[in-house]
Amino acid sequence: MILCANPKEQYLTHKTEIQNAINKVLESGWYILGQEVKLFENEFSNFVGTKYTISVASGTDALFLALKALNIGTGDEVITVSHTATATVSAIKATGATPIMVDIEKEYFTIDIEEVKKRVSNKTKAIIAVHIYGQPCDMDALIKISNENNIDIIEDCAQASGASYKGKELGSIGTLGCFSFFPTKNLGAIGDGGAITTNCEKLYNKLLKLRQYGWDENRDSEFSGYNSRLDELQAAILRVKLKYLKQDTKKRNDIAKLYYEALKNSSLILPKVRDNCYHSFHLFVVRLKNRNQLKEYLKSKNILAMIHYEKPVHLQEAFTINHDLNCTENIAGEILSLPMYPELSEKDIKYISTKCLEVKES
Ligand SMILES: Cc1ncc(COP(=O)(O)O)c(C=O)c1O
């Protein structure tokens, strides 16, 4: 079976280096908040181009703690999209704030700026810009809204490690950038992990405390915090993989090129990359009316295509809202993620494309 994402292939590619990194941590006897975490945070800050990185236990925690660092809670509103992983919205809910889900732009799958403008109120404290599939949001427009209304922008970069907007690495543009290192992500650990990036020293110091019981250097809690730490093993593994992130993102873009070429005359609507942006192609998402038919056909040919996401967050019981998000709902019925990971061979890409062409639009 050709998988949609394949973290095991990536492990095998760097097996010796990863095993050596794991052994080094095992032998060190220091497993939480040690040298590896410190080095990873420095290296990740260098990669993203921010002054600071605070590693945490997951991408969901990164979003939750970012919101907490901005003092967001009950009575506040946070604008984001419904076309995202549930985590984006559940992190907002967990703070007690109200998620305001708006529609997306059909061309790029990212937050619709005009819809954001309609929903900004004096309760709006932040906008979570989700760079879905690795596609950068319209950051200039969001920063303008942010400046005009004194609203913070949190970038949800869970799917966008390695992507950039007008030459700036994602995660370095908003007040805070939130990353997930879930194993299938572009920079994936071998377990859970996440990070927050920022240029603000005050937020950095607050986040260091928030991730560990509110402790200062004397283990004295200034305020009540949480336990959300990246462990030394994951940090060591991520340090190995971070070295290859740039070349892996290039490989993903090369695979996308092969798909574009092979599928250009098909009835599939192919993903469009925003101008002056570098997409991280976490996912290669096509659109077609008979999506389910193609998905089943590919499965019968040993190709696992997936849907990200079949049920938009606002249609799920825990998050229902009382108005439609037309574009989000229409797109959810048409999208299909074709296999995409750096180790995918040219032969497999040709095979997948050929099978896609065998299903005609009904
Ligand atoms: C867009 C988005 N935001 C947030 C998350 C949450 O990350 P994690 O699974 O590491 O908690 C994910 C990952 O599933 C995601 O894709």
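K24, E36, E43 and R239 are linked in a network of salt bridges. The model is predicted, and it holds 18 salt bridges.

**R239 and E36**
- Within the network that joins K24, E36, E43 and R239, the side chains of R239 and E36 form a salt bridge with an N to O distance of 3.0 Å.
- This pair connects distant parts of the chain, since R239 sits in helix 9 (residues 232-242) and E36 in helix 3 (residues 35-48), 203 residues apart.
- E36 has a relative accessibility of 8%, and it counts as buried because that value is under 20%.

**K209 and E222**
- A salt bridge also joins the side chains of K209 and E222, at 2.7 Å from N to O.
- E222 is exposed, its relative accessible area being 56%.

**K355 and E358**
- K355 and E358 form a salt bridge in which the closest N and O atoms are 3.1 Å apart.
- K355 has a relative accessible area of 15% and is buried.
- E358, at 39% relative accessibility, is partly exposed, because this value lies between the 20% limit for buried and the 50% limit for exposed.

Conventions. Residues are numbered from 1 along each chain as its sequence is written. This is a predicted model: local features need pLDDT of at least 70, side-chain atom pairs count only at pLDDT 80 or more; totals for chains, interfaces and linings use all residues. Side-chain values use heavy atoms; hydrogens and water are left out. A salt bridge is a side-chain nitrogen of Lys or Arg within 4 Å of a carboxyl oxygen of Asp or Glu. Helices (H or I, at least four residues) and strands (E, at least two) are DSSP runs, numbered from the N terminus. Buried means under 20% relative accessible area, exposed over 50%, partly exposed in between (1.4 Å probe, protein chains only).
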